[in-house]
Amino acid sequence: MTRRRLVGGAVAAAVTGVFSTAGAGYYFAGELLGVDRTRDLAVRVLAVDGDEVTLSRDLDTTKPIELGLMWPEGAARLTTSARVDGDTVVRQVAERELGDLRAGLAAHVDYNVFSTDPKAAFGLDFATVPVLGELGDLPAWLVPPPGAERSGVWAIAMHGRGASRHEALRVLPTVAGAGLTTLVIGYRNDPDAPASPDGYYHLGDTEWRDLAAAIRYARENGATGIVLLGWSMGGGAALTALSRLPVADAALVRGVVLDSPVLSWDAVIDFQAALRHLPAPITWSAKRFTEWRGGLSLAGLDQDPGELTVPALLFVDEADQLVRTDRAHAYASARPDLVTLVSTRDGGHVASWNVDPQGYAAAVTTFLDRVA
């Protein structure tokens, strides 16, 4: 082989490598920013016998925690009972919420557990109200606490990326029991909310504005104080809102409750890249394409504990495979004056409630009693 052919081959290999890295980075950025409402129905319902259901075995179906089992036409709640037998798992059904649970169904496991609404799930009265955001009306559940005595403090709940208002259902009875009115908001790119102009999620960089609209709604309807509740990206967006809100609205916020919050998208990408054994150049490329396609700065979305101005209650589960918990531990350690961290094990992302519903409710109640 001549020197020219050697050089030419080396150049071709280098160009191919560059485009391969760029293409992979572009793809993973799309996975992060893209709006995909489809569900992976990876769980098979193999048999139903009275209140027992036999499911295909995977990481989630074997967990001895409360779970929801969802399929396109229905939903059921599962107890903590999990009996593993080879490639199958027998679970106890606590309640069949919707549809016909039968053998042959393709389903998915959902940590949200409840699939209906505040009234159907817990008997809590509620109204669906429009909250005017910058892109149009945002759907929200307005849930007053039962009884005559009500606090002027509202809770505003914001779900995570790709989730829905159902994410907040697990904590609603606790918040209502504390006497707070709750506003559970939908936001841009939800199925029943306006889409963002480019059709992308922006990792809290624009979504916080919908939370700001909810705060304005609460203030205009009599709220004298506000507690923010956020799951995953919703938790990060709540902290972003705190740092960007107008002074008058920020002054209303008395505390934040964060469940598996994203405190650094940079760290999330690193974690996911490590789980997939991606080489450093692809990880770097994914970050740059995320910033370019989303029109955002990843560093600008890092949450600085030094900027926290209100008490915070953080829930993390050490089995989280989406968001590393080390950031939350470091965040709490940096601000022991304001942050209380509750750690659970063997649940997963936003699954601390599922591991210990009573402990979760007790921690939230104690926190609300203190700040509200």
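How many bridges join E7 to strand E8, and do they run parallel or antiparallel? Seven bridges join E7 to E8 (residues 136-143), and the two run antiparallel.

The model is predicted: local features need pLDDT of at least 70, side-chain atom pairs count only at pLDDT 80 or more, and totals for chains, interfaces and linings use all residues. Residues are numbered from 1 along each chain as its sequence is written, and side-chain values use heavy atoms, with hydrogens and water left out.

View 1. Eight strands make up an open, mixed sheet, ordered E7-E8-E10-E9-E11-E12-E13-E14. Strand E7 (127-133) and strand E14 (339-344) are the edge strands, each pairing on one side only. On average, neighbouring strands are turned by 20 degrees against each other, direction ignored. Strands (E, at least two residues) and helices (H or I, at least four) are DSSP runs, numbered from the N terminus. Two strands pair if DSSP finds at least two bridges between them.

View 2. Valine 131 stands opposite leucine 138 in E8. Strands of a sheet pair through backbone hydrogen bonds, either parallel or antiparallel.

View 3. Seven of the seven residues of E11 (residues 225-231) are buried, so the strand is largely enclosed by the rest of the structure. Buried means under 20% relative accessible area, exposed over 50%, partly exposed in between (1.4 Å probe, protein chains only). Gly225, Val227, Leu229 and Trp231 point one way, Ile226, Leu228 and Gly230 the other. Strand E9 (residues 153-158) pairs with E11 in the parallel sense over six bridges. Isoleucine 156 has leucine 228 of E11 as its bridge partner. Six bridges also join E11 to strand E12 (residues 253-259), again parallel. Here valine 227 stands opposite glycine 255.

**View 4. Helices H7 and H8.** The axes of H7 (residues 265-275) and H8 come within 10 Å and cross at roughly 140 degrees. Axes are lines fitted to C-alpha atoms, for helices over the stretch in contact; angles run from 0 to 180 degrees between N-to-C directions. Asp266, Ile269, Asp270 and Ala273 of H7 meet Thr283, Lys287 and Thr290 of H8 in the contact (heavy atoms within 4.5 Å).

**View 5. Helix H8 and its end.** H8 (residues 280-294) has 15 residues. Its buried residues include Ile282, Ala286 and Arg293. Glycine 295 follows H8, with a positive phi near 60 degrees.

Note on methods:
Expected span 1.5 Å × (residues − 1).
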